[in-house]
Amino acid sequence: MYSTVKCDKMATDIKFNESLTRSDPQMQPVLIIGQLRHLNLLKFGHLASKLEPRVTEETFKSAIACLHPAPTDKCSLYLDVATVAALPLKASRHNTASRAHSITRLVKNHVLNVNEESIVLVCERENIFASACAVVRAFPLYSRKTGGGNGCKSPVADGGDANARSVVNVEFVVIDKDGCIEEKPLSQDELNCLQESARSIRLAARIVDTPCNEMNVDHFVDNIREFAKELSLEPQIIRGEELKERGFGGIYGVGKAATVPPALVVLSHEPKGAQETIALVGKGIVYDTGGLSIKGKTAMPGMKRDCGGAAAILGAFYTAVKCGFKDNLHAVFCLAENSVGPDATRPDDIHTLYSGRTVEINNTDAEGRLVLADGVCYANKDLKANIILDMATLTGAQGIATGKYHGAILTNSESWEAKALQAGRKSGDLLAPIIYSPELHFSEFASAVADMKNSAADRQNALSSCAGLFVAAHLGFDYPGVWMHVDMASPVHCGERATGYGVALLLTLFGSHTNCALLQSIAPTDEEPPSKRMCRD
């Protein structure tokens, strides 16, 4: 898969090992990361294979004693090639116990980017998945820098292969609930899960990082086709004028001005014996100029990331199927470029969406909800899904409401809201709930000439909730199944780099639907919240 992207040939390969391998830090640098309470449980013998002959037991003990995380801390064990780092002492109830964000920062700051090195994660078994995903996020794939722009030491300088890739070995020291070191290595099933999840997170981040001149709708469809081929699936593709003919007024209206036509693409995994039908619907706006309600010069840069929801769903779908998903699983990609041109949708235009409901456009920059509305309606009417989750970089207001680390979850089901929050903490892709109250908020879309407008009247009234409710309206507020909406506009990136947010979240949320023991072990429980009620109008 990576061979299709020219920039990947100098990227870093990530390899997960079943147990600690023997290496000399002078030849293969090592970074050891863990919570201080876990590091204090270690004896030198547990890590000797990674440290000898350069580090003595006395040096190791002294280094651990010197660690005073505030919030993190590190200590060199041998020059700059052997380092131990401590994670924050505390994690609040809205954070992940794995301290995933701190792991990513430590890895970014302290790996040496040489030909081969190791990262040793000291953690409890329930945090293996989140910790592994956190490491992966530190190694993006996309780059157009010349001359080995990823900072790796050039293999040519050592007389090696100019196309050689650097390797990071990720290994675990697992602490059990009694505070003892587990001797059992990771199983092949666990390693496969971690490897496929890593690949999918990096895929999602690569798509989001890639600019529109290299990741337009055609390119995105090609990526879907390649992954479908690996899974022996054939995507269903509805494009261009066919979208208009079949009633997909939302996707068509958003993308009709672009040179590359919009598309609805569906991947379906339908195993025998399936009990439920789950649809994942992704917003894939490959670039968002705002349309005729055009963005300013400071607001438009970065809008290549507006396909983050679709990218995450592609990655999650691929790994879920690879991990033996037991129920029907559909991935619905709503792909378009919100461009400016003679055919662009105008404010005041009225479109009929796939739901049959009419929408008066009062803001062409509120386009994501239009494509998602078609997608969720298709998931209900055509795919007969009883669980529908849409994921999107939908609103700038999400960052104000729930911040840059937590995506926003809006849902008609209180029990699935609790599950989603738990999955966020277990995966490191954090979530926070936002208000679901259509009877209070949907009036913001009132129109004198259509069933609704596409942008809220009051810009100060729970905009992220309102945006999600617009999508739900086309599914119907009386939809008897479970609907979840994840707005991840802020956590889709950290600085100028994509995070691959959403892949780990979805794999954890639906982990019990797979045959993978690792995902099953961290999947949210079926316990309902105290009120045990479904929120409906």
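**Basis.** I am working from a predicted model, in which local features need pLDDT of at least 70 and side-chain atom pairs count only at pLDDT 80 or more, while totals for chains, interfaces and linings use all residues. Residues are numbered from 1 along each chain as its sequence is written, and side-chain values use heavy atoms, with hydrogens and water left out. For the elements I use DSSP runs numbered from the N terminus, helices being H or I of at least four residues and strands E of at least two.

**Backbone entries.** I returned to Arg99 for its backbone: its phi is positive, about 55 degrees, although Arg99 is not a glycine, and the residue is found in the loop between S4 and helix H4 (100-110). Asp348 is in the loop between strand S10 (328-338) and strand S11 (350-352), and at 62% relative accessibility Asp348 counts as exposed.

I then noted the cis peptide bonds. One runs from Glu52 to Pro53, with omega near 5 degrees, and Pro53 lies in the loop between helix H2 (44-51) and helix H3 (57-66). Another joins Ala70 and Pro71, with omega of about 0 degrees, and Pro71 is found in the loop between H3 and strand S3 (73-78).

Strand S2 (residues 30-34) runs parallel to S5 and is joined to it by five bridges, with Ser118 in S5 as the bridge partner of Val30. S5 is also joined by nine bridges to strand S6 (residues 167-175), again in parallel, and there the bridge partner of Glu116 is Val167 in S6. I recorded S5 (residues 116-124) as mostly covered, with seven of its nine residues buried.

Thr83 lies in strand S4 (residues 82-86) and is buried, with a relative accessible area of 10%. Taking contact as heavy atoms within 4.5 Å, and leaving aside neighbours within four places in sequence, I listed the residues that Thr83 touches, among them Val30, Leu31 and Ile32.

How many residues of helix H5 (residues 128-136) are buried? I found nine of the nine buried, so H5 is largely enclosed by the rest of the structure; among them are Phe129, Cys133 and Val136.

Helix H6 (residues 188-209) and helix H7 (residues 217-230) pack at an angle of about 165 degrees, with their axes 12 Å apart. That makes H6 roughly antiparallel to H7. The axes are lines fitted to C-alpha atoms, for helices over the stretch in contact, and angles run from 0 to 180 degrees between N-to-C directions; angles under 35 degrees count as roughly parallel, over 145 as roughly antiparallel, 65 to 115 as roughly perpendicular and the rest as oblique. In their contact, Arg199, Leu203, Arg206 and Ile207 in H6 meet Phe220, Asn223, Phe227 and Glu230 in H7.

**The eight-stranded sheet.** In what order do the eight strands of the open sheet stand? I traced S7-S8-S10-S9-S13-S17-S14-S15, with mixed pairing. Strand S7 (236-239) and strand S15 (431-433) stand at the edges with a single partner strand each, so one side of each is left without a neighbour in the sheet. Neighbouring strands of this sheet are turned by 20 degrees against each other on average, direction ignored.

Within it, strand S9 (residues 277-288) pairs with strand S13 (residues 387-392) in the parallel sense over five bridges, and Asp390 in S13 is the bridge partner of Val281. Helix H15 (residues 463-475) lies across S13, strand S14 (407-411) and strand S17 (482-487), and runs at about 145 degrees to S17.

**Last entry.** Ala457 lies in the loop between strand S16 (452-453) and H15, and is exposed, with a relative accessible area of 66%. I also noted that the C-alpha atoms of Ala457 and Phe445, twelve residues apart along the chain, are separated by 6.6 Å.

Notes
Two strands pair if DSSP finds at least two bridges between them. Buried means under 20% relative accessible area, exposed over 50%, partly exposed in between (1.4 Å probe, protein chains only).
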